[in-house]
Amino acid sequence: MALRTQVEVDGRLIEVTNLDKVMYPATGTTKGEVIAYYRGVAPWFVPHAHGRPATRKRWVNGVGTAERPGEVFFHKNLEPGATPEWVHTRPIEHKDGTSTYPLVDDAATLVWLAQLAALEIHTPQWRFGPRGGVHNPDRLVLDLDPGEGAALPECVETAHLAHEILDGMGLVSVPVTSGSKGIHIYAGLGGTQTAAQATEVARELAGALEAARPDLVTSTMTKALRVGKVLVDWSQNNGSKTTIAPYSLRGRHHPTVAAPRTWEELRPGLAQLEFPEVIERLNTIGDPMAVLLPDGAFSRDRLAAYRSKRDAARTPEPVPVAGETPGSHVTPVFVVQEHHARRLHWDFRLEHAGVLVSWALPKGLPLDPGDNHLAVQTEDHPVEYGSFEGVIPDGQYGAGRVTIWDAGTYDLEKWRDGEEVIVTLHGRPGGGLGGVPRRYALIGTKLDGDARNWLVHLMDGDRVAR
């Protein structure tokens, strides 16, 4: 008799069956364990999948073995009458008709799909808007697929080459071990480019990698040209194509996961991760891919992006583990750090909501009321970072010397997230601000369609002596 019960997820009752059915014979992983994984990973899975139509690959009787693979069903359209009314859905017109897709907008939907043995969930790089409109893609993806004679080490080498190019383009990127053979690289987009334009950017990037390392990289699908090389597949940026969703299981012989990683992890010995390892990592270091989420989409852990960029064993910077309660002060503090990284800049940080909200200032704080300076918002930092001075080692994010230009407390006049901040800074005697109160305004400009771009202005008072 099939084991049948109900689970409650966010107030939704979901009937689950056959919990003892073995889905991965090589490891003995059951359907109950698959459902438990998707329920546990939902806080991280859902923000990345939210608003995206989900294509499902179902292994109703498990993935089978190498000798007898399990039968897989590829689903786009939802079955009429079989979908709970609370599942968000959207129609998409195809050449052969209209299909209705589920949106994985909550944990209950993810558990419901797991109950249907949808081991793999694939999504595009764009989202639906709240009224059903199709938005421009918010991320770009490169699929690094090793050909015959190549493997994960060649993908790692290719990924670092791509990372360097993406950094040069000003795009924040995150690697994902695909759970299959290769690596996916995601880069954040501002939503100003169409899917066709993003595809062209990805195609040109793949071509540049091939031109730089023709011995290692190909951007051509032809199998004969892929032997011993890594295919950089740029085509998945097409608006009609999908990629395995971050944190989705794979229908391989082992329960591997498309797992976001830090760039520091991409080194010799890198391996694909299975689902117990992924849950342990998330509870320890947080989500490396949170840096690509829109503001406010990952409020569960404001330091997830910060942790994703740093290796606590290799940098002297403070790196609190996930779940630690942030430090705070009775009177909020500020710090301006002079940062001799690849390009000299100043980091302006204001304590707010338990973290240091941070901006990179290429020219530092303006010292004349007649000047406005660019301020590029970066990831939130832990409050402990306000006293950090030291050398970030080569090979680490932001490598270079950090010194404190000025620090102290501030009075808050106005704080409108993403729009406007007005503060009066009280720096140190002899600090960069001259030891007297200075009133500054930060104004969100969204210059070039990028919400990270602000201007900072000295509002009143005499010009600061240099």
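**Close-up views of a predicted model**

**View 1. The hairpin of β1 and β2.** In this hairpin, two residues lie between the strands, and Asp10 takes a positive phi near 50 degrees. The model shown here and in every other view is predicted. Strand β1 spans residues 4-9 and strand β2 spans residues 12-17. The two run antiparallel and are joined by six bridges.

**View 2. An open sheet of four strands.** The strand order is β6-β5-β9-β15, and the pairing is antiparallel. β6 (73-75) and β15 (243-244) stand at the edges. Each has a single partner strand, so one side of each is left without a neighbour in the sheet. β5 and β9 pair over four bridges, in the antiparallel sense. Within this pair, Thr55 has His122 in β9 as its bridge partner. In a regular strand, side chains alternate between the two faces of the sheet.

**View 3. The second largest pocket.** This pocket has a volume of about 330 Å³. Its lining consists of 18 residues. Lys76, His94, Tyr101, Ser240 and Lys241 are the ones nearest the pocket centre. By residue class, the lining divides into six nonpolar, six polar and six charged. Two strands, β5 (55-58) and β7 (89-94), each supply at least two lining residues. β7 gives the largest share, three residues.

View 4. Pro137 is found in the loop between β9 (118-123) and β10 (139-146). Is Pro137 buried or exposed? Its relative accessible area is 4%, and buried means under 20%, so Pro137 is buried. Leaving aside residues up to four places away in sequence, Pro137 touches Gln125, Trp126, Leu189, Gly191, Gln193, Thr194, Ala195 and Ala198. Thr194 is one of these contacts. Thr194 lies 57 residues from Pro137 along the chain, yet their C-alpha atoms are separated by 6.7 Å.

**View 5. The annotated region, residues 30-289.** An unreviewed UniProt entry annotates this stretch as "domain: DNA ligase D polymerase". Over residues 30-289, the chain is 28% helix and 23% strand. The end C-alpha atoms of this stretch are 28 Å apart.

Notes. Residues numbered from 1 in each chain as written. Predicted model: local features only at pLDDT ≥ 70, side-chain atom pairs only at ≥ 80, totals over all residues. Heavy atoms only, no water. Buried < 20%, exposed > 50% of the residue type's maximum accessible area, 1.4 Å probe, protein only. Contact = heavy atoms within 4.5 Å. 1 Å grid on protein atoms, 1.4 Å probe; cavity = no way out; pocket = protein on both sides within 12 Å on 5 of 7 lines; lining within 4 Å. Points joined across faces, edges and corners; volume = space filled by probe spheres on them. Nonpolar A, V, L, I, M, F, W, Y, C, P; charged D, E, K, R; others polar. UniProt positions renumbered as here; feature names shortened; annotations may be inferred. Pairing = 2+ DSSP bridges.
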